[in-house]
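Colleague: Could you take a close look at the open sheet in this model, and at the helix that packs on it? I would like one connected account, with the cut-offs spelled out.

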Amino acid sequence: MNKTFEIRGKRTLFGWLCAYLGNLFFLTCLFIAIALMTFSALLVECEVTGPSMQPTLNKISGDKHDLVYVNKCDEGYTYNDIIVIETKDSAIIKRVIGMPGDIIDFVCINGIYKVERNGVALDEDYILMDYSALTPTYSQNGMNAAADRWLTLHIDRPELFNEEGKLVVGEDKVFALGDNRRVSLDSTVYGTFDASQVTGRVEVTRYYGEQGFDFFFDYIMNGRFFYTIANIF
């Protein structure tokens, strides 16, 4: 049986370029689709309400809500990480200050209250400061209000404290505070939180006014997508 074969000419440079661009476009679309599916599957969106984490979150106003995304497959967190915690009433968002085994106290140094962890006063440059005066005081960083809540916690939850009056973070517990110490309802009110209450660590933040396209472009094209994948393992 006779067959007819058609001998085609060699592909031109233009043909190679079109094929290359077509494949590149397909792979780019595939990569973006996988990244977006991974984002929606692994990250939980949480709306930040109120001023308790200013100036880190809701910096513009307590009424201008930022969005944070928590990796529900990443159970690890450490000092200074921002985490979402489930309480009896609602979910709250705070910063990790104490981990299991830590000893926490509030101390006054040169008229300024500070958090002390394992005997070392923390230098917390992330808390909300009022720079209306030239010399910062304990009242300007809101630590006076936090210290008052701390004293009340001593009375309400004495079992949390050792003989020296310092709080001991127990096993599978976490001590977390808001960055706006003046108003934050955190471990100075609730005491330590169970690790089981922690939804997860905030992995990425979409600030108020940030356009969706810009946010996802930055997340995907700047490599944060790979960071999400890496944190699963």
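Modeller: What follows describes the sheet, then the helix, and then some aromatic residues.

The model is predicted, and for that reason local features are given only where pLDDT is at least 70 and side-chain atom pairs only at pLDDT 80 or more, whereas totals for chains, interfaces and linings use all residues. Residues are numbered from 1 along each chain as its sequence is written, and side-chain values rest on heavy atoms, with hydrogens and water left out.

The open sheet has seven strands in the order β1-β2-β11-β3-β4-β9-β10, paired in the antiparallel sense; strands here are DSSP runs of E with at least two residues, helices are runs of H or I with at least four, both numbered from the N terminus, and two strands pair if DSSP finds at least two bridges between them. At the edges stand β1 and β10 (193-194), each with a single partner strand, so one side of each is left without a neighbour in the sheet. Strand β3 (residues 82-86) pairs with strand β11 (residues 198-206) over three bridges, in the antiparallel sense, and I85 has V198 as its bridge partner in β11.

Helix α4 packs on this sheet, touching β1, β2 and β11, and its direction makes about 110° with that of β11. Contact here means heavy atoms within 4.5 Å, while axes are lines fitted to C-alpha atoms, for helices over the stretch in contact, with angles running from 0 to 180 degrees between N-to-C directions. Within α4 (residues 212-221), F215, Y219 and I220 are buried, where buried means under 20% relative accessible area, exposed over 50% and partly exposed in between, with a 1.4 Å probe and protein chains only. Seen down the axis of α4, its buried residues fall within an arc of 115°, so they line one face of the helix; the arc is that of the directions from the helix axis to the C-beta atoms.

The loop between β1 (43-47) and β2 (67-71) holds K59, which is exposed at a relative accessible area of 63% and touches Q54 and D66, leaving aside residues up to four places away in sequence.

Turning to the aromatic residues, Y190 and F193 have ring centres 5.8 Å apart and planes at 45°, so the pair is tilted; rings of Phe, Tyr and Trp (its six-membered ring) pair if their centres lie within 6.5 Å, with planes under 30 degrees apart counted as stacked, over 60 as edge-to-face and the rest as tilted. Y190 is partly exposed at 30% relative accessible area, whereas F193 is buried at 2%.
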